[in-house]
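Let's take a walk through this one together, a piece at a time. Keep the viewer open and turn the model as we go.

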Amino acid sequence: MIEGKITRISGPIIYAEGLDGCGLYDVVDVGDKKLIGEIIRQNKGNATIQVYEEDTGMHVGEKVVCTQRPLSLRLGPGLVGNIYDGIQRPLKSMYENSGAFLIPGERTEPLDLNKTWHFEADEGLADGSSIYPGCILGTVKETQSITQKIMVAPDIRGKTLKTFKGSGEYTVDQVIGTTEFDEEIKLSHYWAVRSPRPYSAKLGVSEPLVTGQRVIDVFFPLSKGGTAAIPGGFGTGKTMTQHAVAKWCDADLIVYIGCGERGNEMTEVLSEFPELIDPRTGRSIMERTILIANTSNMPVAAREVSLYSGITLAEYFRDMGLDVAIMADSTSRWAEALRELSGRMEEMPAEEGFPAYLPTRLASFYERAGRVTTLNSQEGSVSVIGAVSPPGGDFSEPVTQHTKRFIRCFWALDRELANARHYPAIGWIDSYSEYAEEVRDWWEVKNPLWAKLRQQALDLLKTEQKLQQIVRLIGPDALPPPQRLILKVADMIKIGFLQQNAFDDIDKYCSIEKQILILDLIMEYYNRADALLKNQALLVRVANLPVCDELVRIKMQYSNDQIDKIEEIRVRMNEQLSELERVYSPQRK
């Protein structure tokens, strides 16, 4: 242990001397309360430290002790279903020990050291067996939804199992094997949060992350292993959109990071998620969820590290061959923490006061996403969805602009849609997805209509936006019938397809079969109605068919397993349109 003393205190930034031999990002115990800190600048023993806990009352001259190891997470059975702060302190255990308020300096083990887990060893493993970094030794059934694969830590140097205990009941701290270098192998191991976990190869993305949200899956898909941003002003629905994706997406595991957001939003997650049923497994969604809560009233330095903690947890489960999705809410609050810490260190500010290294830090987070071949030759992925909270909804501010450099899916929330109570308020004009072409082959297998319907609907909505500018000036009656039909059908798409009710038992999750069927019916109606207008049909007759109301109500009237009922609407629509087509057929004229 290397011991120094505090020479200066500036909020969460501590200056200390006498720390010769300590490395950058080493963890230190700061002050008499032994607060957790991290060295972020080193100059001949004069260290700058960011403290992850409340340091009110600390004095100059108190000692600082360096542990000579980087800030690390303990990874092993017991993670799933838990809620941690930014430095992996389990909040539930801390609440049971000390009540509702965090006590500075309190240390609690991130994993339960007393709980035993049944470890099922892989066949063929015994004393003398060959191993390698990432090698799977066996499995532990953590929840009904998640089975952890116990792996050799990537930093283990040994190539042979000197001893191996095999299957049995173990705690996370018991040794189950050793290597020829006497390295201990346990059910758990530590990994530094700022170091990406290694993998064999990075793969291209090809499969979408199915969310059950129509505007995302059909219009702006995100792939497994992809990156997305949800920018929007206050009240536009960033958190609710992330909640919906976290609840219903087809990822194997969800890591939800509440970074600098309001405490009541995390309370909502904690109260809702245990009661939600996973549509794939029929069990509680908490059985495949890890929560990291670092709300706006918690120490600002812990907010800065919470994103790295979340991505490290995700990479750990990715290495087991799972598809993991991360919800980071919000990266703007994380960037504000960077700005505050940078200002206290008296660094030269860049645009809007953010540090010059903001783009580098954003890249270090988003670039850890991806679909990979793991060290044990399995395929796993980490998908990252980061919320951005630009002041005043200004997408030209630095965090949003730099984020766009590193993401390929942009779900821009629209203030007008939110004010009109149209949720999700993802605007179809400013949003985009660069994954659409890459997931096309997957959709060709599931439903070949996807690409055609998606493009037709987007083109129609963009045309409608241009027509609305004319409508505001001279009213809709001045438009010719085909253009007024576009306004009609665009409203049907907005209300009957894009708008989705997260509180409706049927509409909160929409299967991809139902999504395509709804849009196919609306676009079929439009194409045939447009042809009728070209044959001099009256708009009032075409636009007021009884089936028009049915098309708008499908989303909440028929569940995902009532596809046959929805197809019956096509029959009724065909009857009503066919009658008009007979009346206005060119031959009859």
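A quick word on terms before we start: a residue is called buried when its relative accessible area is under 20%, exposed when it is over 50%, and partly exposed in between. Bear in mind, too, that what you're looking at is a predicted model.

So which side of that cut-off does Leu473 fall on, buried or exposed? Leu473 has 75% relative accessibility, and because exposed means over 50%, Leu473 counts as exposed. You'll find Leu473 in helix H11, which spans residues 450–474. Together with Ile470 and Ile474, Leu473 makes a nonpolar surface patch of about 330 Å². As for the spacing of such residues, an α-helix has 3.6 residues a turn, so residues three or four places apart point the same way.

H7 is mostly covered, with seven of its nine residues buried. The buried ones are Leu358, Pro359, Arg361, Leu362, Ala363, Phe365 and Tyr366. What sits over them? The cover includes helices H5 (300–318), H6 (331–344) and H8 (398–406), along with strands S18 (227–231), S21 (323–329) and S23 (379–388).

Six strands close up here, in the order S1-S2-S5-S4-S3-S6, with antiparallel pairing. On average, neighbouring strands of this sheet are turned by 45 degrees against each other, direction ignored. To see one of the pairings, look at S1 (residues 2–10) and S6 (residues 63–70): they run antiparallel and are joined by four bridges. Across that pair, Glu3 has Val65 of S6 standing opposite. In general, strands of a sheet pair through backbone hydrogen bonds, either parallel or antiparallel.

Our last stop is strand S14, residues 175–179, where four of the five residues are buried, leaving the strand mostly covered. S14 has partners to look at in turn. Strand S12 (residues 161–164) runs antiparallel to S14, and three bridges join the two. Strand S15 (residues 184–186) is also antiparallel to S14, again with three bridges.

How does the chain get from S14 to S15? The two strands form a hairpin with four residues between them. Check Asp182 in that turn: its phi is positive, at about 60 degrees.

Notes
Residues numbered from 1 in each chain as written. Predicted model: local features only at pLDDT ≥ 70, side-chain atom pairs only at ≥ 80, totals over all residues. Heavy atoms only, no water. Buried < 20%, exposed > 50% of the residue type's maximum accessible area, 1.4 Å probe, protein only. Pairing = 2+ DSSP bridges. Patch = residues over 30% accessible without salt bridge, like charges linked within 9 Å, V, L, I, M, F, W, Y side chains within 5 Å. Areas by Shrake-Rupley, 256 points an atom, 1.4 Å probe, with all protein chains shown as cover. Salt bridge = Lys/Arg side-chain N within 4 Å of Asp/Glu carboxyl O. Axes fitted to C-alpha atoms, helices over the stretch in contact; angles between N-to-C directions. Contact = heavy atoms within 4.5 Å.
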